[in-house]
Amino acid sequence: MQTIINRKDKKVEITVSGRIDTIASPEFEQSLSGLMNEDDLDVMMDCSAMDYISSSGLRVFLTLLKALKAHGGSLTLISMQEGIREIFDMTGFSKLFIIK
């Protein structure tokens with residue numbers, strides 16, 4: 001798993017690649033923790049290179065979404081692979097997130 005974060009003022013672009021599983025999710029959450037308490041961030045997460053997500057990975061996505069919304073921000077997920085999108089659909093997460 002690799003997470004790359006690029007910032008320009010209140011716009012943040014995140015690229016996540018690899019597996020977001022039980023082993024990788026704590027590191028993933030730690031890499032995002034600096035964004036969770038900032039106001040008015042507009043976060044776009046590129047998921048095109050993410051090839052697996054477990055329930056613990058989904059929890060990190062939900063934690064980030066809730067934190068951003070609580071601080072007036074937003075989270076948009078883009079370029080999700082079909083298999084990952086199916087997981088978001090089956091769990092009902094597609095209704096919670098903006099997915100493009």
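This is a predicted model: local features need pLDDT of at least 70, side-chain atom pairs count only at pLDDT 80 or more; totals for chains, interfaces and linings use all residues.

Author: A polar contact here is a pair of N or O atoms within 3.5 Å, where one must be able to donate a hydrogen and the other to accept it. Aspartate 89 belongs to helix 3, which covers residues 82-91. Its relative accessible area is 42%.

Serine 79 sits in the loop between strand 4 (74-78) and helix 3. Its phi is positive, about 55°, although serine 79 is not a glycine. Its relative accessibility is 38%, so serine 79 counts as partly exposed.

Aspartate 40 lies between helix 1 (25-32) and strand 3 (42-53). Its phi is near 60°, again a positive value in a residue other than glycine. Aspartate 40 has a relative accessible area of 49%, so it is partly exposed.

Now a buried site. Serine 56 is part of helix 2, residues 55-70. Its relative accessibility is 16%. Buried means under 20%, so serine 56 counts as buried. The side chains of serine 56 and serine 54 are joined by a polar contact of 2.9 Å. Leaving out residues up to four places away in sequence, serine 56 touches Asp21, Thr22 and Ser25.

Now the whole protein. There are 3 helices and 5 strands. From the N terminus on, their order is β-β-α-β-α-β-α-β. Of the contacts between residues at least 6 apart in sequence, 68% join residues at least 24 apart.

The overall dimensions come next. The C-alpha trace spans about 30 × 25 × 20 Å along its principal axes. The radius of gyration is 12 Å. A compact globule of 100 residues would have a value near 13 Å, so the two agree. Buried residues make up 40% of the 100 residues.

Last, surface and charge. The protein exposes about 5500 Å², and carbon and sulfur atoms supply 51% of that area. There are 11 positive and 14 negative side chains. The centres of these two sets lie 5 Å apart.

Notes. Residues are numbered from 1 along each chain as its sequence is written. Side-chain values use heavy atoms; hydrogens and water are left out. Helices (H or I, at least four residues) and strands (E, at least two) are DSSP runs, numbered from the N terminus. Buried means under 20% relative accessible area, exposed over 50%, partly exposed in between (1.4 Å probe, protein chains only). Contact means heavy atoms within 4.5 Å. The radius of gyration is taken over C-alpha atoms; the globule rule is 2.2 Å times the number of residues to the power 0.38. Accessible areas come from the Shrake-Rupley method with a 1.4 Å probe; for residues, only the protein chains shown count as cover. Lys and Arg count as positive and Asp and Glu as negative; His and the chain ends are not counted. The place of a charge is taken as NZ of Lys, CZ of Arg, CG of Asp or CD of Glu.
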